[in-house]
Amino acid sequence: FDCEQIDFSHYSFNNTLAVFRNIPKHVVLILLLAGCARLLFALAFVDLGSRLYWEYGEIARNILSGRGYSLWYFVGDEPQFLYNPAVTPFPSAYMSPGYVAFLLPFMLIGQDMVRNIALIFAQTILSLLSMLLLYRFTAKCFSERAATITLVLAGFLPDFIYATVSFTPTVLFHCCVAALMIVLSAEGVIPVRRRIVLLSFLLVALCYLRFEMLLFAGFVLLVWATEGRWKDAVAVIAMVIVLLSPWVIRSSLALGEFVPTGTGFGLNLFRGNNPDEIGSWRPDGIPQKIAALPRDRSFELSLSRMYVTEAISYIRQQPGRVLRDFPVKLYQLWIYSPVGNRAPLVSQVTSWLLLIPFVVGLFSTLSWQKYKYLYLFLLFSTFIGLIFFSLARHQTMMRIAVLPFAAAGVEAVWLRVRKKGDRCWVLGAKK
């Protein structure tokens with residue numbers, strides 16, 4: 001890895017926060033403006049009295065009420081997940097527990113408005129931290145100018161601002177991915193054992209935010225294996241298994257069967273491969289099949305198996321349509337997903353404006369050795385989007401790896417334009 005490295009060679013507790021030292025004034029200014037933009041957006045567009053934190057918040061409420069990590073229950077033949085103190089919900093492994101754990105202390109705040117203000121403020125701080133980490137990574141592995149452009153993009157792109165006020169794991173995910181890229185890029189700089197520990201903790205943190213990140217971990221370890229780094233790969237695998245085991249043991253005991261990660265695989269596979277449309281929840285016939293499932297602690301496992309069966313049946317019956325949906329899924333991941341998108345025009349315009357410099361930057365900086373982990377992350381995100389489906393926030397999550405290349409593309413165009421301008425000036429002076 002031949003780009004300038006972040007110096008961890010004298011790492012100790014006293015310089016753990018070295019990333020915050022010697023921050024250029026223009027970076028501080030951009031961070032402050034980005035923070036203000038997020039808070040102003042929250043004041044203008046967010047319902048600060050809302051009690052909805054999606055499934056994460058309902059699980060947190062069940063935990064605090066003594067029902068444990070639980071979610072679903074039935075009202076008649078309809079499955080429900082909104083917190084209801086009068087029912088006993090089924091044990092759950094449907095949502096990754098990372099963001100639920102993040103929400104829990106905030107859910108202790110009784111006033112909805114105070115809770116939401118505290119949450120948005122905390123997520124704003126995390127968003128600014130992810131920007132700073134991304135800036136440090138880009139400055140070391142691309143250039144200082146590209147890092148500044150990346151900082152501006154991350155600070156003021158609409159979906160990055162919206163992510164701060166969205167009660168989802170997006171900003172936590174960005175922080176962990178940016179930190180992971182810094183550690184991955186420090187090969188030969190951080191002592192091997194320390195680096196393996198840091199990588200393992202970051203990979204597990206990401207898995208607790210999105211179970212799919214196990215696949216990305218597999219991509220990384222596969223590359224290490226092809227490079228002959230078997231010992232490092234085995235060490236990381238062992239640590240990841242150990243750190244994930246508490247969740248696996250808890251879920252397996254609670255649901256009555258072995259649960260390696262979560263129970264959302266079937267639904268996500270079906271939403272990406274069903275006879276209705278990409279992202280559809282419940283086409284004709286599905287509500288009746290859900291109502292017929294056993295209503296016991298293994299409900300989520302039965303639900304997932306039912307969805308897997310339906311998805312595989314559809315794939316076998318309609319292989320041509322499945323293949324024709326691939327370009328649509330690519331478009332929904334990279335340009336615009338109608339699923340959960342509240343600003344379609346803004347989303348599409350932003351995506352096209354970002355995609356063009358991204359392509360320029362990707363090809364102008366081609367280097368497997370330098371940027372293989374960014375490539376792997378983009379490959380992983382695209383693969384997940386093709387097999388399952390993409391929400392608007394999935395696109396935002398992926399963009400943490402898109403921004404450095406887009407910034408490099410803007411820089412490449414600027415340098416070429418400036419070079420031509422200088423040449424024209426010289427020729428004009430000679431005349």
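When two helices pack together, the angle between them runs from 0 to 180 degrees between their N-to-C directions, and their axes are lines fitted to C-alpha atoms. With that in hand, let's look at this predicted model. Helix α1 (residues 25–45) packs with helix α5 (residues 144–156) at an angle of about 10°, and their axes are 9 Å apart.

**Helices α1 and α5**

- Angles under 35 degrees count as roughly parallel, so α1 is roughly parallel to α5.
- The crossing in which α1 passes α5 is left-handed.
- From α1, the residues that meet α5 are His26, Val27, Ile30, Leu31, Leu33, Ala34, Ala37 and Arg38.
- On the α5 side, the partners are Glu144, Thr148, Leu151, Val152, Ala154, Gly155 and Phe156.
- Sorted by class, the residues of this contact are 10 nonpolar, 3 polar and 2 charged.

**Helices α3 and α4**

- Helix α3 (residues 97–107) and helix α4 (residues 112–141) pack at about 135°, with axes 10 Å apart.
- That angle makes α3 oblique to α4.
- Here the crossing is right-handed.
- α3 brings Tyr99, Phe102, Leu103, Phe106 and Met107 to the contact, where they meet Arg115, Ala118, Leu119, Ala122, Gln123 and Leu126 of α4.
- The contact of α3 with α4 has 9 nonpolar residues, 1 polar and 1 charged.

**A closer look at Thr164**

- Find Thr164 in helix α6 (residues 158–165).
- Is Thr164 buried or exposed? Buried means under 20% relative accessible area, so Thr164, at 0% relative accessibility, counts as buried.
- Its side chain makes a polar contact with the side chain of Arg38, at 3.1 Å.
- A polar atom of the Thr164 side chain also lies 3.3 Å from the backbone oxygen of Phe160.
- Leaving aside residues up to four places away in sequence, Thr164 touches Arg38, Ile120, Gln123, Thr124, Ser127 and Val171.

**Helix α2 and what follows**

- Helix α2 (residues 54–64) is mostly covered, with 8 of its 11 residues buried.
- Those buried residues are Glu55, Tyr56, Gly57, Glu58, Ile59, Ala60, Arg61 and Asn62.
- After α2 comes Gly66, which has a positive phi near 90°.

How values were computed
Residues numbered from 1 in each chain as written. Predicted model: local features only at pLDDT ≥ 70, side-chain atom pairs only at ≥ 80, totals over all residues. Heavy atoms only, no water. Helix = DSSP H or I, 4+ residues; strand = E, 2+ residues; numbered from the N terminus. Parallel < 35°, antiparallel > 145°, perpendicular 65-115°, else oblique. Left-handed = near helix turned anticlockwise from the far one by under 90°. Contact = heavy atoms within 4.5 Å. Nonpolar A, V, L, I, M, F, W, Y, C, P; charged D, E, K, R; others polar. Buried < 20%, exposed > 50% of the residue type's maximum accessible area, 1.4 Å probe, protein only. Polar contact = N/O pair within 3.5 Å; in protein donor to acceptor, adjacent residues only side chain to side chain.
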